[in-house]
Amino acid sequence: MTIVLYDLVGRDDRRFSSNCWKTSLALAHKGCRFETVPTPFTAISGIGDGSCTTVPVIENNGVCIGDSWAIAEYLEGEGPEGPSLFGGPRGREYARFVQRWCESRIHPLMMTLIILDIQARIAPEHVEYFNETRPQRFGRPLDEIQSGREERVYEYRDRLEPLRRVVAAQPYMCGNDPSYADYIVMGSIIAARRMSSFPLFEAGDPVYDWMHRCLDLYDGLGRSGIGYDW
């Protein structure tokens with residue numbers, strides 16, 4: 001049976017949720033057949049019984065599961081058979097650490113670098129919702145959030161130094177093969193490439209090379225759809 005993934009969508013069918021991209025890569029890793037349902041902000045409450053407030057959400061055999069980490073654990077434990085996402089209990093805890101690091105230190109700063117680009121590429125009927133919720137989240141107006149990004153992108157790159165040192169020595173975060181730890185960080189990067197032409201990395205950076213290795217996975221899943229190539 002094909003799994004259904006509810007996937008956040010912007011203008012021109014741009015899929016721009018970092019958490020949805022984590023889930024797409026996880027589904028591909030497990031070898032699952034899945035189809036996506038483009039879901040704008042204002043349609044999330046219509047998924048399933050209406051209890052979900054965010055995406056991703058997957059439906060499988062009549063069961064709805066929300067939250068990217070819960071979906072990853074479901075795919076690893078109760079979902080279809082396939083290669084392990086974590087590579088065992090220690091890999092799961094490593095991925096949990098990466099998730100917390102990305103949530104607290106990486107993704108929020110990345111969002112401040114492209115927030116106006118996102119605003120420009122969501123459907124017009126959802127701009128009002130975006131304009132109300134994002135300043136509340138960051139505590140200041142949108143134009144102030146993105147101000148000075150040409151200088152602040154260097155701070156973003158500096159925060160990725162732990163990742164840089166790892167992938168300079170090996171292809172992926174856990175070794176020679178990709179794992180959910182890679183997908184956590186890549187979800188954020190793919191989402192940025194969907195909505196912004198502002199490059200987060202430069203050629204020659206080991207993170208840049210790792211990014212393109214990840215983009216090539218699963219027949220170029222991370223490159224599919226409308227976006228920018230940097």
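Predicted model: local features only at pLDDT ≥ 70, side-chain atom pairs only at ≥ 80, totals over all residues.
**Notebook: sheet, helix pair, core**

I started with the sheet: four strands, open, in the order β2-β1-β3-β4 with mixed pairing. Strands pair here if DSSP finds at least two bridges between them, and both strands (E, at least two residues) and helices (H or I, at least four) are DSSP runs numbered from the N terminus. The edges are β2 (34-39) and β4 (63-66), each pairing on one side only. From one strand to the next I get an average twist of 20°.

Residues are numbered from 1 along each chain as its sequence is written, and side-chain values use heavy atoms, with hydrogens and water left out.

Next I looked up β3 (residues 57-60), which pairs with β4 in the antiparallel sense over four bridges. Asparagine 60 sits opposite valine 63 of β4.

Then the helices on the sheet. Helix α1 (residues 18-29) packs on it, touching β1 (3-8), β2 and β3, and its direction makes about 155° with that of β1. Contact means heavy atoms within 4.5 Å; axes are lines fitted to C-alpha atoms, for helices over the stretch in contact, with angles from 0 to 180 degrees between N-to-C directions. Helix α2 (residues 68-77) lies across β1, β3 and β4, at about 130° to β4.

How do α3 and α8 (residues 180-195) cross? Their axes come within 9 Å and cross at roughly 5°, so α3 is roughly parallel to α8 (angles under 35 degrees count as such). On the α3 side I listed residues including Tyr94, Trp101 and Met110; they meet an α8 set with Tyr180, Ile184 and Val185 among them. The contact residues divide into 14 nonpolar, three polar and one charged. Nonpolar covers Ala, Val, Leu, Ile, Met, Phe, Trp, Tyr, Cys and Pro; charged is Asp, Glu, Lys and Arg; the others, Gly among them, are polar.

Of its 74 residues, Tyr156, Tyr180, Leu200 and Trp210 touch the most other members. Helix α3 (residues 89-120) supplies the largest share, 12 residues. Leaving aside neighbours within four places in sequence, I find tryptophan 210 in contact with residues including Leu163, Pro171, Asp182 and Ile189.

Last, serine 179, in the loop between α7 (161-167) and α8. Is serine 179 buried or exposed? It counts as buried because its relative accessibility is 6% (buried is under 20% relative accessible area, 1.4 Å probe, protein chains only; exposed is over 50%, partly exposed in between). Beyond four places in sequence, serine 179 contacts His29, Leu85 and Cys174.

Terms used:
Core = buried A, V, L, I, M, F, W, Y, C linked by side-chain atoms within 4.5 Å. Parallel < 35°, antiparallel > 145°, perpendicular 65-115°, else oblique.
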